[in-house]
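Hi,

Here is the structure I promised to pass on.

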Amino acid sequence: MKHILIAGISGAIGHALAEHYLGRDQQLQIIGLCRDPAAVSFDPAVADRVSLVPWDAAYAKDPGETGSEIARVLAADEGLDLVIYAAGFLHGAGIQPEKRLEDLNAEALAHAFAVNATGFAILMRAIAPWLRHRRFKIVAAVSAKVGSIEDNGFGGWYAYRSSKAALNMLVRNLAVELPRKCRPLACVAVHPGTTLSPLSEPFSRSLAQLKVHQPAETAENIASVLEGLTEDSNGQFLSWDGSQIPW
Ligand SMILES: NC(=O)c1ccc[n+]([C@@H]2O[C@H](COP(=O)([O-])OP(=O)(O)OC[C@H]3O[C@@H](n4cnc5c(N)ncnc54)[C@H](OP(=O)(O)O)[C@@H]3O)[C@@H](O)[C@H]2O)c1
């Protein structure tokens with residue numbers, strides 16, 4: 001049986017990915033991490049294959065605690081075949097993406113880093129025991145093209161851009177270290193493409209010129225990129241169409 005862990009299963013992309021995989025493999029089991037499990041639901045036909053674990057990326061300081069919560073629903077020797085970090089923060093609770101230097105705010109920067117980068121790092125530390133099996137496994141961090149340093153010709157969105165760049169660096173570091181202990185494996189960053197979700201909703205007017213995907217389309221796109229991965233893909237930053245994005 002395959003086991004998939006999705007952090008941010010309450011989000012548009014995380015939830016659509018869970019539905020995608022549950023619909024394609026009647027055997028697989030999903031471990032979903034989110035702040036409020038009571039607010040997440042699935043079709044009754046598949047719901048018994050989803051185990052929801054309470055987790056807040058901004059307060060997940062103790063990997064041992066997160067590991068114990070996950071161990072309640074999946075023994076470490078069963079292993080994880082796919083880990084998707086789909087939690088992310090762009091705006092909320094009085095925080096908006098910055099247009100200029102004067103908009104910078106330490107709390108907003110700290111919160112974006114906590115959810116977009118630190119949460120991933122601490123989660124990876126927590127779940128390392130689930131990655132030691134011998135089957136091919138994938139760690140995919142849902143990043144954003146705006147986190148690409150080379151691609152940044154536009155500026156703005158300081159907290160989001162820089163925290164996604166930090167997430168990307170974590171992916172590169174893990175791509176170096178994890179194969180030593182968890183081979184065979186591919187650890188990648190994935191840009192999902194612009195997708196209709198609460199995260200993108202306030203920008204719908206400026207998104208009008210872009211192709212905006214429904215979450216289900218994005219889930220299919222990401223799943224198809226992940227399906228094509230091999231050990232040689234380890235350490236890549238991939239877009240939803242499979243093309244590579246410069247770091
Ligand atoms: N939508 C796009 O156009 C787009 C483009 C590029 C990249 N992305 C990336 O795609 C990922 C998914 O975004 P989305 O579009 O699906 O947005 P979304 O529907 O707003 O989902 C965001 C997810 O992040 C979770 N989250 C936020 N703060 C958290 C915290 N403190 N602890 C734990 N979880 C937290 C949310 O949980 P709650 O339900 O508890 O709030 C939710 O599950 C993000 O990393 C985003 O940066 C999206």
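A question to start: is W157 buried, partly exposed or exposed? W157 is partly exposed, because its relative accessibility is 28% (buried is under 20% relative accessible area, exposed over 50% and partly exposed in between, with a 1.4 Å probe and protein chains only).

Some housekeeping before the rest. This is a predicted model, in which local features need pLDDT of at least 70 and side-chain atom pairs count only at pLDDT 80 or more, while totals for chains, interfaces and linings use all residues. Residues are numbered from 1 along each chain as its sequence is written, and side-chain values use heavy atoms, with hydrogens and water left out.

Back to W157. This residue sits in the loop between β5 and α5 (helices are DSSP runs of H or I with at least four residues, strands are runs of E with at least two, and both are numbered from the N terminus). W157 and F203 form a tilted pair, since their ring centres are 5.1 Å apart and their planes meet at 50 degrees. F203 lies in the loop between β6 (185–191) and α6 (215–227), so the pair ties together parts that are 46 residues apart in sequence. F203 is buried, at 14% relative accessible area. Elsewhere, ring pairs join W55, Y85 and F120 into a cluster.

Y85 brings us to strand β4 (residues 82–85), which is covered on both faces: L82 and I84 are buried on one side, V83 and Y85 on the other. β4 pairs in the parallel sense with strand β1 (residues 3–7) over four bridges (two strands pair if DSSP finds at least two bridges between them), and I6 stands opposite I84 there. β4 also pairs with strand β5 (residues 137–142), again parallel and over four bridges, with L82 opposite I138. From β4 the chain crosses through helix α4 (residues 106–127) to β5, and this β-α-β crossover is right-handed (with the strands pointing away from the viewer, the path from the first strand over the helix to the second runs clockwise).

What does α4 do at A114? The helix bends there by about 45 degrees (the angle between axes fitted to the seven residues ending at a residue and the seven starting there). At the start of α4, a side-chain oxygen of N105 comes within 2.9 Å of the backbone nitrogen of E107.

Helix α5 has a kink too, of about 30 degrees at V176, shortly before the proline P179. S163 is in α5 and is buried, with a relative accessible area of 0%. A polar atom of the S163 side chain lies 3.1 Å from the backbone oxygen of Y160.

The peptide bond from R183 to P184 is cis, with omega near 0 degrees, and P184 lies in the loop between α5 and β6. A93 has a positive phi of about 35 degrees although it is not a glycine; A93 is in the loop between β4 and α4 and is exposed, at 83% relative accessible area.

Cheers

Note on methods. A polar contact is a pair of N or O atoms within 3.5 Å; within protein, one must be able to donate a hydrogen and the other to accept it, and residues adjacent in sequence count only if both atoms are side-chain atoms. Rings of Phe, Tyr and Trp (its six-membered ring) pair if their centres lie within 6.5 Å; planes under 30 degrees apart count as stacked, over 60 as edge-to-face and the rest as tilted.
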